[in-house]
Amino acid sequence: MGIPCSIFYCRRVQKRLCRERQGRLERQFRDWLSGAAGHLQTGYSVENAFLKAGRELKLLYGGDAEIRGEVRNMEHLLQNNVSLENILSDLAVRSGAEAICGFADVFVTGRRSGGSLRDMITNSCDIIVMKIDMEREIRLLLHGRILEQKIMCLMPFGIICYIKISSPGYFAPLYHNPAGVCLMTICLLVYLISVGMSLRIIQIEV
């Protein structure tokens, strides 16, 4: 049973790391949009506004941040005459971040319809800021519950270890006969289902 449990745990960790990376990318993309909107107001073209704001992100996040790789990729593609719409759409698909996907769709539609790109970028930046702030508030409100959830998930193992140390042989009837093995297997499955449900409960999407 350890093999399925390990696979379940690795997948959960992979999803958590993916969500954390998407969250960092969204926050960095918000600052990128904010800088681009400011440069648009000073008369830069859309492409140059994105490039200049992207270069400024190096001072804010350093050269190893996720968004810096996307800025370098944009510079390379623009030099090869790839449209900004296609670049942003590709970034949205690869990142999987909801805010970036939403902005890319709005940008492509606005560029084709001839709308005000400056207002569109400013409004999109405000929406992303509101979304990130709301997520931060929710995480702060749930911080105590998340800690309780982690403690409750570890508590059964702590109880079992305590009993095995203080009362050796107490669990012997449950592990050395078919009925005990079946019972503990069912308990393990119930535990895994409960952990999965608790993880879904605390995962609130905005």
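Q: Which element gives the largest share of the lining of the largest pocket?
A: In this predicted model, helix α6 supplies 15 residues, the largest share. Lining residues have an atom within 4 Å of a point of the pocket, which is an open set of points on a 1 Å grid where a 1.4 Å probe fits, with protein on both sides within 12 Å along at least five of seven lines.

Q: How many residues line the largest pocket, and which elements give two or more of them?
A: The lining has 40 residues, with R16, R19, E20, R139 and Q203 nearest the centre. Two or more come from each of α1 (2-41), α6 (117-166) and α8 (178-202). Helices are DSSP runs of H or I with at least four residues, numbered from the N terminus.

Q: What is the volume of the second largest pocket?
A: The second largest pocket holds about 330 Å³, and I160, Y175, M184, C187 and L188 are the closest to its centre among eleven lining residues. Helix α8 gives the most, six residues.

Q: Why are residues of the second largest pocket's lining called nonpolar?
A: Ten lining residues are nonpolar, one is polar and none is charged.

Q: How is the largest pocket's lining divided by class?
A: That lining has 21 nonpolar, six polar and 13 charged residues.

Q: What is the average confidence of the protein?
A: The average pLDDT, the predictor's confidence from 0 to 100, is 82, and 97% of the residues score at least 70. Residues are numbered from 1 along each chain as its sequence is written, and side-chain values use heavy atoms, without hydrogens and water. Local features need pLDDT of at least 70 and side-chain atom pairs 80 or more, while totals for chains, interfaces and linings use all residues.

Notes
Nonpolar A, V, L, I, M, F, W, Y, C, P; charged D, E, K, R; others polar. Points joined across faces, edges and corners; volume = space filled by probe spheres on them.
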